[in-house]
Amino acid sequence: VIKMADLDLAGKRVLIRQDLNVPLKKGVVADGTRIHASLPTIEMALKAGAKVMIMSHLGRPTEGEYEHQYSLAPVANYLSALLEQPVRLEQNWLEPEFIPVEAGEVVLCENVRFNIGEKANDDALSRRMAKLCDVFVMDAFGTAHRAQASTHGVAKYAPIACAGPLLATELEALAKALDNPARPLVAIVGGSKVSTKLTVLESLSKKVDQLIVGGGIANTFIAAEGHQVGNSLYEEDLIDTCKKLRAEAQARGGDIPVPVDVVCGKHFAENAEAEVKKVTDIVADDMIFDIGPKSAAALTEILKNAGTIVWNGPVGVFEFNQFGEGTKEVAMAIAESDAFSIAGGGDTLAAVSKYKICDDISYISTGGGAFLEFLEGKKLPAVDILEQRAAQA
Ligand code: 3PG
(Lines give C-alpha, C1' and ligand atoms only; values in the text may rest on other atoms or scores of the structure.)
Protein backbone atom coordinates (compact mmCIF):
# COMPACT_ATOMS: atom_id res chain seq x y z
CA VAL A 1 0.00 0.00 0.00
CA ILE A 2 0.96 3.65 -0.37
CA LYS A 3 1.97 5.17 2.94
CA MET A 4 1.06 8.63 4.13
CA ALA A 5 4.62 9.15 5.34
CA ASP A 6 5.87 8.87 1.74
CA LEU A 7 3.58 11.57 0.32
CA ASP A 8 4.06 15.31 0.05
CA LEU A 9 1.08 16.74 1.91
CA ALA A 10 2.01 20.44 1.84
CA GLY A 11 -1.08 22.54 1.10
CA LYS A 12 -3.11 19.39 0.33
CA ARG A 13 -6.63 18.70 1.54
CA VAL A 14 -6.06 15.56 3.59
CA LEU A 15 -9.04 13.51 4.79
CA ILE A 16 -8.06 11.06 7.53
CA ARG A 17 -10.37 8.22 8.61
CA GLN A 18 -9.60 7.38 12.19
CA ASP A 19 -11.21 5.16 14.78
CA LEU A 20 -12.16 7.64 17.47
CA ASN A 21 -14.93 5.35 18.66
CA VAL A 22 -14.15 5.76 22.37
CA PRO A 23 -16.28 5.08 25.45
CA LEU A 24 -18.02 8.15 26.88
CA LYS A 25 -19.32 8.69 30.39
CA LYS A 26 -21.70 11.57 31.04
CA GLY A 27 -20.66 13.24 27.81
CA VAL A 28 -16.94 13.06 28.53
CA VAL A 29 -14.31 10.73 27.05
CA ALA A 30 -13.87 7.90 29.57
CA ASP A 31 -10.91 6.20 27.88
CA GLY A 32 -8.90 8.19 25.36
CA THR A 33 -6.51 5.40 24.30
CA ARG A 34 -7.69 5.43 20.68
CA ILE A 35 -7.44 9.22 20.46
CA HIS A 36 -3.89 9.14 21.82
CA ALA A 37 -3.01 6.43 19.31
CA SER A 38 -4.35 8.60 16.46
CA LEU A 39 -2.50 11.72 17.53
CA PRO A 40 0.89 11.10 15.84
CA THR A 41 -0.84 10.79 12.46
CA ILE A 42 -2.63 14.12 12.88
CA GLU A 43 0.56 15.79 14.08
CA MET A 44 2.51 14.39 11.16
CA ALA A 45 -0.06 15.73 8.68
CA LEU A 46 -0.09 19.14 10.35
CA LYS A 47 3.69 19.32 10.35
CA ALA A 48 3.70 18.48 6.66
CA GLY A 49 1.51 21.53 6.04
CA ALA A 50 -1.73 19.69 5.29
CA LYS A 51 -5.28 20.96 5.59
CA VAL A 52 -6.52 18.30 7.96
CA MET A 53 -10.04 16.86 7.97
CA ILE A 54 -10.81 13.89 10.20
CA MET A 55 -13.66 11.39 9.93
CA SER A 56 -14.74 8.82 12.52
CA HIS A 57 -17.77 6.97 13.74
CA LEU A 58 -18.89 6.83 17.34
CA GLY A 59 -21.14 4.02 18.52
CA ARG A 60 -23.97 2.72 16.42
CA PRO A 61 -26.49 5.55 15.92
CA THR A 62 -29.65 5.37 13.81
CA GLU A 63 -28.69 6.29 10.26
CA GLY A 64 -30.08 9.51 8.89
CA GLU A 65 -30.57 11.07 12.30
CA TYR A 66 -28.57 13.34 14.54
CA GLU A 67 -28.43 11.73 17.95
CA HIS A 68 -26.78 13.88 20.57
CA GLN A 69 -25.30 10.99 22.58
CA TYR A 70 -23.37 9.91 19.49
CA SER A 71 -21.95 13.32 18.68
CA LEU A 72 -18.17 13.54 18.35
CA ALA A 73 -18.20 16.82 20.33
CA PRO A 74 -16.50 15.27 23.41
CA VAL A 75 -13.86 13.79 21.10
CA ALA A 76 -13.26 17.19 19.47
CA ASN A 77 -12.68 18.69 22.93
CA TYR A 78 -10.34 15.90 23.97
CA LEU A 79 -8.38 16.11 20.75
CA SER A 80 -8.16 19.87 20.95
CA ALA A 81 -6.65 19.64 24.45
CA LEU A 82 -4.08 17.09 23.26
CA LEU A 83 -3.13 19.10 20.17
CA GLU A 84 -3.21 22.40 22.06
CA GLN A 85 -5.13 23.98 19.21
CA PRO A 86 -8.80 24.32 18.31
CA VAL A 87 -10.49 21.38 16.61
CA ARG A 88 -13.61 22.54 14.79
CA LEU A 89 -16.49 20.08 14.74
CA GLU A 90 -18.15 20.38 11.33
CA GLN A 91 -21.83 19.39 11.40
CA ASN A 92 -22.98 19.40 7.79
CA TRP A 93 -19.68 18.51 6.27
CA LEU A 94 -21.13 16.95 3.14
CA GLU A 95 -23.45 19.86 2.32
CA PRO A 96 -21.23 22.53 0.76
CA GLU A 97 -19.12 19.91 -1.07
CA PHE A 98 -16.13 21.75 0.28
CA ILE A 99 -15.15 22.10 3.92
CA PRO A 100 -13.40 25.42 4.56
CA VAL A 101 -10.05 24.47 6.06
CA GLU A 102 -6.64 26.14 6.06
CA ALA A 103 -3.21 24.57 6.25
CA GLY A 104 -2.42 23.89 9.92
CA GLU A 105 -6.11 23.70 10.82
CA VAL A 106 -7.91 20.59 12.06
CA VAL A 107 -11.56 19.94 11.29
CA LEU A 108 -13.41 16.98 12.76
CA CYS A 109 -16.36 15.82 10.68
CA GLU A 110 -19.40 14.86 12.78
CA ASN A 111 -20.09 11.11 13.20
CA VAL A 112 -19.94 9.44 9.77
CA ARG A 113 -22.71 7.06 10.81
CA PHE A 114 -25.25 9.90 10.93
CA ASN A 115 -25.12 9.75 7.12
CA ILE A 116 -27.54 7.54 5.24
CA GLY A 117 -25.53 5.02 3.23
CA GLU A 118 -22.43 4.94 5.44
CA LYS A 119 -22.90 1.37 6.62
CA ALA A 120 -24.12 0.16 3.22
CA ASN A 121 -20.96 1.56 1.62
CA ASP A 122 -23.16 3.65 -0.66
CA ASP A 123 -21.46 4.69 -3.84
CA ALA A 124 -22.84 8.23 -4.07
CA LEU A 125 -21.92 8.94 -0.45
CA SER A 126 -18.43 7.52 -0.98
CA ARG A 127 -17.93 9.79 -3.99
CA ARG A 128 -19.02 12.85 -2.02
CA MET A 129 -16.54 12.03 0.71
CA ALA A 130 -13.80 11.47 -1.85
CA LYS A 131 -14.53 14.87 -3.41
CA LEU A 132 -13.60 16.59 -0.16
CA CYS A 133 -9.93 15.74 -0.45
CA ASP A 134 -6.74 15.50 -2.47
CA VAL A 135 -5.50 12.62 -0.32
CA PHE A 136 -7.52 10.09 1.65
CA VAL A 137 -5.67 8.52 4.57
CA MET A 138 -7.06 5.31 6.04
CA ASP A 139 -5.74 5.13 9.58
CA ALA A 140 -8.64 3.46 11.42
CA PHE A 141 -7.27 -0.03 12.06
CA GLY A 142 -10.12 -0.64 14.54
CA THR A 143 -12.67 -0.18 11.74
CA ALA A 144 -10.68 -1.72 8.89
CA HIS A 145 -12.87 -4.85 9.00
CA ARG A 146 -15.89 -2.78 7.97
CA ALA A 147 -16.53 -2.13 4.27
CA GLN A 148 -18.33 1.17 4.75
CA ALA A 149 -18.36 4.46 2.86
CA SER A 150 -15.79 6.15 5.10
CA THR A 151 -13.45 3.15 5.27
CA HIS A 152 -13.80 1.51 1.87
CA GLY A 153 -15.91 3.41 -0.67
CA VAL A 154 -14.09 6.69 -0.23
CA ALA A 155 -10.78 4.94 -0.87
CA LYS A 156 -12.06 3.83 -4.26
CA TYR A 157 -12.70 7.37 -5.46
CA ALA A 158 -10.24 9.65 -3.66
CA PRO A 159 -7.50 11.03 -5.97
CA ILE A 160 -4.93 9.29 -3.77
CA ALA A 161 -5.69 6.68 -1.08
CA CYS A 162 -3.01 5.67 1.39
CA ALA A 163 -2.43 4.03 4.77
CA GLY A 164 -1.81 6.22 7.79
CA PRO A 165 1.03 5.50 10.21
CA LEU A 166 -1.20 3.86 12.84
CA LEU A 167 -2.76 1.45 10.35
CA ALA A 168 0.67 0.69 8.88
CA THR A 169 2.17 0.00 12.31
CA GLU A 170 -0.73 -2.26 13.32
CA LEU A 171 -0.40 -4.29 10.13
CA GLU A 172 3.36 -4.58 10.52
CA ALA A 173 3.04 -5.78 14.14
CA LEU A 174 0.41 -8.34 13.22
CA ALA A 175 2.44 -9.56 10.26
CA LYS A 176 5.49 -9.91 12.48
CA ALA A 177 3.47 -12.00 14.92
CA LEU A 178 1.65 -14.22 12.45
CA ASP A 179 3.30 -14.28 9.04
CA ASN A 180 6.90 -14.82 9.94
CA PRO A 181 7.02 -15.29 13.70
CA ALA A 182 9.90 -16.17 15.97
CA ARG A 183 9.00 -19.66 17.21
CA PRO A 184 7.51 -21.12 19.24
CA LEU A 185 4.43 -19.07 18.45
CA VAL A 186 1.92 -19.21 21.29
CA ALA A 187 -1.60 -17.81 21.12
CA ILE A 188 -3.90 -17.31 24.09
CA VAL A 189 -7.57 -17.17 23.24
CA GLY A 190 -9.91 -16.57 26.14
CA GLY A 191 -13.42 -15.28 26.41
CA SER A 192 -16.79 -16.73 27.16
CA LYS A 193 -17.80 -18.75 24.12
CA VAL A 194 -16.23 -21.12 21.63
CA SER A 195 -18.90 -20.18 19.09
CA THR A 196 -17.90 -16.51 18.88
CA LYS A 197 -14.22 -17.39 18.54
CA LEU A 198 -14.49 -20.58 16.52
CA THR A 199 -12.99 -19.14 13.33
CA VAL A 200 -10.15 -17.60 15.35
CA LEU A 201 -9.48 -20.93 17.05
CA GLU A 202 -9.55 -22.82 13.77
CA SER A 203 -7.30 -20.37 12.00
CA LEU A 204 -4.80 -19.93 14.84
CA SER A 205 -4.56 -23.62 15.69
CA LYS A 206 -3.11 -24.16 12.21
CA LYS A 207 -0.48 -21.45 12.60
CA VAL A 208 0.67 -21.66 16.20
CA ASP A 209 2.79 -24.13 18.11
CA GLN A 210 0.61 -23.95 21.21
CA LEU A 211 -2.91 -22.63 21.43
CA ILE A 212 -3.91 -21.79 24.97
CA VAL A 213 -7.62 -21.59 25.65
CA GLY A 214 -9.23 -20.00 28.69
CA GLY A 215 -12.52 -18.77 30.08
CA GLY A 216 -15.78 -20.35 28.93
CA ILE A 217 -13.91 -21.59 25.84
CA ALA A 218 -11.72 -23.81 28.04
CA ASN A 219 -14.84 -25.21 29.75
CA THR A 220 -16.01 -26.77 26.50
CA PHE A 221 -12.54 -28.28 26.01
CA ILE A 222 -12.72 -29.65 29.58
CA ALA A 223 -16.12 -31.17 28.79
CA ALA A 224 -14.63 -32.60 25.59
CA GLU A 225 -12.15 -34.53 27.76
CA GLY A 226 -15.14 -36.25 29.35
CA HIS A 227 -15.15 -34.26 32.61
CA GLN A 228 -18.18 -32.82 34.40
CA VAL A 229 -18.36 -29.03 34.19
CA GLY A 230 -21.36 -28.64 36.54
CA ASN A 231 -23.14 -25.32 36.08
CA SER A 232 -20.29 -23.76 34.12
CA LEU A 233 -20.84 -21.91 30.89
CA TYR A 234 -20.02 -24.28 28.05
CA GLU A 235 -21.34 -25.28 24.64
CA GLU A 236 -22.41 -28.88 24.39
CA ASP A 237 -22.89 -28.76 20.62
CA LEU A 238 -19.26 -27.73 20.14
CA ILE A 239 -17.70 -30.55 22.14
CA ASP A 240 -16.94 -32.53 19.00
CA THR A 241 -15.43 -29.47 17.35
CA CYS A 242 -13.14 -28.98 20.35
CA LYS A 243 -12.09 -32.65 20.25
CA LYS A 244 -11.30 -32.30 16.57
CA LEU A 245 -9.35 -29.06 17.02
CA ARG A 246 -7.20 -30.62 19.71
CA ALA A 247 -6.60 -33.84 17.82
CA GLU A 248 -5.59 -31.90 14.70
CA ALA A 249 -3.24 -29.67 16.69
CA GLN A 250 -1.61 -32.75 18.21
CA ALA A 251 -1.30 -34.43 14.83
CA ARG A 252 0.64 -31.37 13.67
CA GLY A 253 2.99 -31.71 16.65
CA GLY A 254 1.41 -28.88 18.63
CA ASP A 255 -1.29 -28.90 21.30
CA ILE A 256 -4.22 -27.14 22.87
CA PRO A 257 -3.51 -27.78 26.55
CA VAL A 258 -6.61 -28.35 28.65
CA PRO A 259 -6.58 -27.08 32.27
CA VAL A 260 -5.88 -29.73 34.92
CA ASP A 261 -7.30 -27.61 37.73
CA VAL A 262 -9.77 -24.73 37.96
CA VAL A 263 -11.19 -22.17 40.37
CA CYS A 264 -14.90 -22.66 40.98
CA GLY A 265 -17.67 -20.69 42.63
CA LYS A 266 -21.30 -21.50 43.34
CA HIS A 267 -22.68 -18.33 41.78
CA PHE A 268 -21.52 -15.47 39.57
CA ALA A 269 -20.96 -12.64 42.04
CA GLU A 270 -18.27 -10.35 43.36
CA ASN A 271 -18.42 -11.99 46.79
CA ALA A 272 -18.69 -15.59 45.53
CA GLU A 273 -16.38 -17.90 47.41
CA ALA A 274 -13.56 -19.35 45.30
CA GLU A 275 -12.49 -22.97 45.54
CA VAL A 276 -9.61 -24.60 43.69
CA LYS A 277 -10.50 -28.01 42.28
CA LYS A 278 -9.04 -30.65 40.02
CA VAL A 279 -11.00 -30.92 36.77
CA THR A 280 -11.93 -34.44 37.83
CA ASP A 281 -13.66 -33.19 41.00
CA ILE A 282 -16.22 -30.74 39.63
CA VAL A 283 -19.75 -31.28 40.96
CA ALA A 284 -23.19 -30.35 39.67
CA ASP A 285 -23.51 -26.92 41.32
CA ASP A 286 -19.94 -25.76 40.54
CA MET A 287 -19.24 -22.98 38.09
CA ILE A 288 -15.73 -22.70 36.65
CA PHE A 289 -14.55 -19.08 36.77
CA ASP A 290 -10.77 -19.37 36.32
CA ILE A 291 -7.94 -21.77 35.58
CA GLY A 292 -6.29 -23.22 38.68
CA PRO A 293 -2.71 -22.64 39.98
CA LYS A 294 -1.26 -25.82 38.42
CA SER A 295 -2.69 -24.96 35.01
CA ALA A 296 -1.49 -21.37 35.32
CA ALA A 297 2.02 -22.56 36.23
CA ALA A 298 2.05 -24.82 33.16
CA LEU A 299 1.03 -21.89 30.95
CA THR A 300 3.73 -19.70 32.49
CA GLU A 301 6.27 -22.35 31.50
CA ILE A 302 4.97 -22.37 27.90
CA LEU A 303 4.98 -18.57 27.72
CA LYS A 304 8.51 -18.36 29.15
CA ASN A 305 9.88 -20.26 26.18
CA ALA A 306 7.78 -18.56 23.52
CA GLY A 307 9.32 -16.60 20.66
CA THR A 308 6.05 -14.85 19.84
CA ILE A 309 2.87 -14.44 21.88
CA VAL A 310 -0.55 -13.36 20.60
CA TRP A 311 -3.11 -12.63 23.32
CA ASN A 312 -6.84 -12.20 22.91
CA GLY A 313 -9.20 -12.79 25.81
CA PRO A 314 -8.80 -13.31 29.56
CA VAL A 315 -8.67 -16.86 30.96
CA GLY A 316 -11.06 -16.18 33.84
CA VAL A 317 -13.52 -13.74 35.35
CA PHE A 318 -10.72 -11.34 36.26
CA GLU A 319 -13.15 -8.53 37.16
CA PHE A 320 -13.57 -10.42 40.45
CA ASN A 321 -10.17 -10.66 42.16
CA GLN A 322 -10.73 -14.16 43.54
CA PHE A 323 -11.15 -15.37 39.94
CA GLY A 324 -8.43 -13.20 38.45
CA GLU A 325 -5.29 -15.08 39.42
CA GLY A 326 -5.13 -17.10 36.20
CA THR A 327 -5.38 -14.02 33.98
CA LYS A 328 -2.90 -12.20 36.25
CA GLU A 329 -0.36 -15.03 35.94
CA VAL A 330 -0.75 -15.11 32.18
CA ALA A 331 -0.34 -11.32 32.04
CA MET A 332 2.78 -11.46 34.22
CA ALA A 333 4.28 -14.30 32.21
CA ILE A 334 3.78 -12.31 28.99
CA ALA A 335 5.26 -9.21 30.63
CA GLU A 336 8.34 -11.12 31.77
CA SER A 337 8.88 -13.02 28.55
CA ASP A 338 11.41 -11.92 25.93
CA ALA A 339 8.99 -12.91 23.18
CA PHE A 340 7.53 -10.45 20.70
CA SER A 341 4.06 -10.04 22.23
CA ILE A 342 0.88 -8.56 20.87
CA ALA A 343 -2.45 -8.07 22.66
CA GLY A 344 -5.83 -6.88 21.44
CA GLY A 345 -9.53 -6.81 22.21
CA GLY A 346 -11.53 -4.87 24.79
CA ASP A 347 -11.40 -7.35 27.69
CA THR A 348 -7.76 -8.11 27.06
CA LEU A 349 -6.84 -4.43 27.21
CA ALA A 350 -8.81 -4.10 30.47
CA ALA A 351 -6.67 -6.94 31.88
CA VAL A 352 -3.47 -5.37 30.51
CA SER A 353 -4.42 -2.18 32.30
CA LYS A 354 -5.56 -3.87 35.54
CA TYR A 355 -2.27 -5.75 35.89
CA LYS A 356 -0.26 -2.73 34.72
CA ILE A 357 1.71 -4.49 31.99
CA CYS A 358 1.11 -1.93 29.20
CA ASP A 359 4.80 -1.11 28.93
CA ASP A 360 5.86 -4.75 28.91
CA ILE A 361 3.87 -5.83 25.85
CA SER A 362 5.60 -5.31 22.51
CA TYR A 363 2.46 -4.10 20.74
CA ILE A 364 -1.05 -3.29 21.94
CA SER A 365 -3.60 -3.22 19.15
CA THR A 366 -6.31 -0.56 19.00
CA GLY A 367 -8.59 -3.05 17.26
CA GLY A 368 -11.32 -5.19 18.78
CA GLY A 369 -13.32 -6.80 15.99
CA ALA A 370 -10.64 -5.88 13.44
CA PHE A 371 -7.94 -7.58 15.53
CA LEU A 372 -10.09 -10.72 15.73
CA GLU A 373 -10.78 -10.77 12.01
CA PHE A 374 -7.07 -10.45 11.32
CA LEU A 375 -6.45 -13.42 13.64
CA GLU A 376 -9.16 -15.29 11.73
CA GLY A 377 -6.97 -14.87 8.68
CA LYS A 378 -9.54 -12.67 6.94
CA LYS A 379 -8.58 -9.92 4.59
CA LEU A 380 -9.61 -6.54 6.02
CA PRO A 381 -11.70 -4.80 3.32
CA ALA A 382 -10.34 -1.33 4.06
CA VAL A 383 -6.80 -2.65 3.60
CA ASP A 384 -7.75 -4.63 0.55
CA ILE A 385 -8.96 -1.54 -1.30
CA LEU A 386 -5.73 0.33 -0.43
CA GLU A 387 -3.79 -2.54 -1.95
CA GLN A 388 -5.92 -2.40 -5.08
CA ARG A 389 -5.39 1.34 -5.38
CA ALA A 390 -1.64 0.94 -4.92
CA ALA A 391 -1.56 -1.75 -7.60
CA GLN A 392 -3.34 0.60 -10.02
CA ALA A 393 -1.09 3.56 -9.25
C1 3PG B 1 -14.76 -1.12 17.42
O2 3PG B 1 -14.91 -0.48 18.47
O3 3PG B 1 -14.53 -2.34 17.40
C4 3PG B 1 -14.72 -0.36 16.14
O5 3PG B 1 -14.76 1.01 16.36
C6 3PG B 1 -15.81 -0.80 15.19
O7 3PG B 1 -17.07 -0.47 15.67
P8 3PG B 1 -18.36 -1.22 15.09
O9 3PG B 1 -18.30 -2.64 15.61
O10 3PG B 1 -19.56 -0.47 15.62
O11 3PG B 1 -18.28 -1.21 13.60
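Modeller: What follows takes the helix pair and then the chain around it. The model is a predicted one. The pair consists of helix 6, residues 194–207, and helix 8, residues 239–251. Their axes come within 11 Å and cross at roughly 15°. Angles under 35 degrees count as roughly parallel, and helix 6 and helix 8 are therefore roughly parallel to each other. The crossing of helix 6 and helix 8 has a hand as well: left-handed.

On the side of helix 6, the residues in contact are Val194, Leu198, Leu201, Glu202 and Ser205. They meet Thr241, Cys242, Leu245, Glu248 and Ala249 of helix 8. Sorted by class, this contact of helix 6 with helix 8 holds 6 nonpolar, 2 polar and 2 charged residues. The charged class takes in Glu202 from helix 6 and Glu248 from helix 8.

As for the setting, the chain has 13 helices and 16 strands. Its C-alpha atoms fill a box of roughly 70 × 45 × 35 Å along the principal axes. Buried residues account for 52% of the 393 residues. Of the contacts between residues at least 6 apart in sequence, 71% join residues at least 24 apart.

Key: Residues are numbered from 1 along each chain as its sequence is written. This is a predicted model: local features need pLDDT of at least 70, side-chain atom pairs count only at pLDDT 80 or more; totals for chains, interfaces and linings use all residues. Axes are lines fitted to C-alpha atoms, for helices over the stretch in contact, and angles run from 0 to 180 degrees between N-to-C directions. Helices (H or I, at least four residues) and strands (E, at least two) are DSSP runs, numbered from the N terminus. Angles under 35 degrees count as roughly parallel, over 145 as roughly antiparallel, 65 to 115 as roughly perpendicular and the rest as oblique. A crossing is left-handed if the near helix is turned anticlockwise from the far one by less than a right angle, and right-handed if clockwise. Two residues are in contact if their C-beta atoms, placed from the backbone, lie within 7 Å. A residue is buried if 20 or more other C-beta atoms lie within 10 Å of its own, exposed if 12 or fewer, and partly exposed in between; C-beta atoms are placed from the backbone.
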